[in-house]
Amino acid sequence: MQHLDEGTIHSWLDGALSADEAARVEAHVKECPQCAAAVAEARGFIAGASRILTALDNAPRGVIPVAAPKKRVDPIVWRVAATLLVVAAGTLVVFRNAGREAQIATTSADTASS
Amino acid sequence: MYNAALVRYLTRRLGDRDWAEEVAQETFVRALRQTSIQNERAWLFAVATNLVRDEARKDMRRRKHLALLAEQERDEMVEPEETTIERAQEAAMARKAVDALAERDRLALLMREEGLDYNEIAEALELSPGSVGTTLSRARRRLVESYEALQKSREEREKNAAS
């Protein structure tokens, strides 16, 4: 049997080979120091890769906002604007009424004097 | 049932847990709409992977945003404990090493870590089952080698800084 390629070694270590294939690989590894060394190296890569991937889980959470905050007008701005509007409207009504009363007063005074 | 595994897979792929949870949720919503799924796990991982791929363009924007935020945060950060720095550095190097992998290698490896077997990985990534071993062996070797290279250059930097 020729030497094992890396993919086969990983498949074997991951338990992905059929029983027949696995038996053949096992028999070869027992007799071939070169492939036994390759298996040891592969075990190291499997463990190492797993450890590195676990380190990813230490990444801080919530670094990226789920959605960009929308630019919104502060509610206080709306409240101030509304208050100003009400005050302005009220003032207008009062002034107009005052004006009309003054006019009425003048008109009745004219009528009375004639 | 596969929620925890899927969220971890996506978190490792995306580097952000909240985002990973969003994608996982969307994946399950799509699964509910399906009448029949042959292999649930392979299907879920495949759909989640496609959703991630669809978001590839957004990813670019988010990365820029992330870099900016990280910079701001670094400025504001109070000196954390030694162990936290160590862990954060390890996480950053792991991220860099994982990002350096080819997408297919990265995904196959992340799926394997969540316990998917070779047939499920092949199905989710549309690979031939025979090539999964080769893909994984390449992914693992490259990941470990680039991580070790990063570690080495960090040690040298620290040595230079100390001297």
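Hi everyone, let me start with chain A: 15% of its 114 residues count as buried, where buried means 20 or more other C-beta atoms within 10 Å of the residue's own, exposed means 12 or fewer, partly exposed is in between, and C-beta atoms are placed from the backbone. Before going on, this is a predicted model, in which local features need pLDDT of at least 70 and side-chain atom pairs count only at pLDDT 80 or more, while totals for chains, interfaces and linings use all residues. Residues are numbered from 1 along each chain as its sequence is written, and chains are lettered from A and ligands numbered from 1 in the order in which they are written.

So, what is chain A built from? Chain A has four helices and zero strands; helices (H or I, at least four residues) and strands (E, at least two) are DSSP runs, numbered from the N terminus.

Let's walk along them. In α1(A), residues 6–13, the buried residues are A:T8, A:I9, A:H10, A:S11 and A:W12. Their cover includes α2 and α3 of chain A, together with α7 (118–125) and α8 of chain B. After α1(A) comes A:G15, with a positive phi near 70°.

Next is α2(A), residues 19–31. One of its 13 residues is buried, so α2(A) lies largely in the open. Its end C-alpha atoms are 19 Å apart, which agrees with the 18 Å that 13 residues should span at 1.5 Å a residue; the expected span is 1.5 Å times one less than the number of residues.

In α3(A) you will find A:R43. Is A:R43 buried or partly exposed? A:R43 counts as partly exposed, because it has 13 C-beta neighbours inside 10 Å.

Now over to chain B. Here we have eight helices and zero strands, and 34% of the 163 residues are buried. Of the contacts in chain B with a separation of 6 or more, 65% join residues 24 or more positions apart; a contact means that the C-beta atoms, placed from the backbone, lie within 7 Å.

How do the two chains meet? Chain B brings 34 residues to the contact and chain A brings 25. On chain B, α8(B) gives the most to that side, with nine residues. By class, the side of chain B that touches chain A has 16 nonpolar, five polar and 13 charged residues. Here Ala, Val, Leu, Ile, Met, Phe, Trp, Tyr, Cys and Pro are nonpolar, Asp, Glu, Lys and Arg are charged, and the others, Gly among them, are polar.

One helix pair in chain B deserves a look. The axes of α6(B) and α8(B) come within 9 Å and cross at roughly 95°; axes are lines fitted to C-alpha atoms, for helices over the stretch in contact, with angles from 0 to 180 degrees between N-to-C directions. That makes the pair roughly perpendicular, the word for 65 to 115 degrees, with under 35 roughly parallel, over 145 roughly antiparallel and the rest oblique. From α6(B), the residues making this contact include B:R104 and B:A108. Leaving aside neighbours within four places in sequence, B:A108 touches residues including B:I121, B:L125 and B:V132.

Finally, the largest nonpolar core has 49 residues, and those touching the most other members are A:I52, B:F45, B:A48, B:A108, B:M111 and B:L143. Such a core is a set of buried Ala, Val, Leu, Ile, Met, Phe, Trp, Tyr and Cys residues joined through C-beta atoms within 7 Å. Helix α3(A), residues 33–55, gives the most to this core, with eight residues.

Note on methods:
Contact = placed C-beta atoms within 7 Å.
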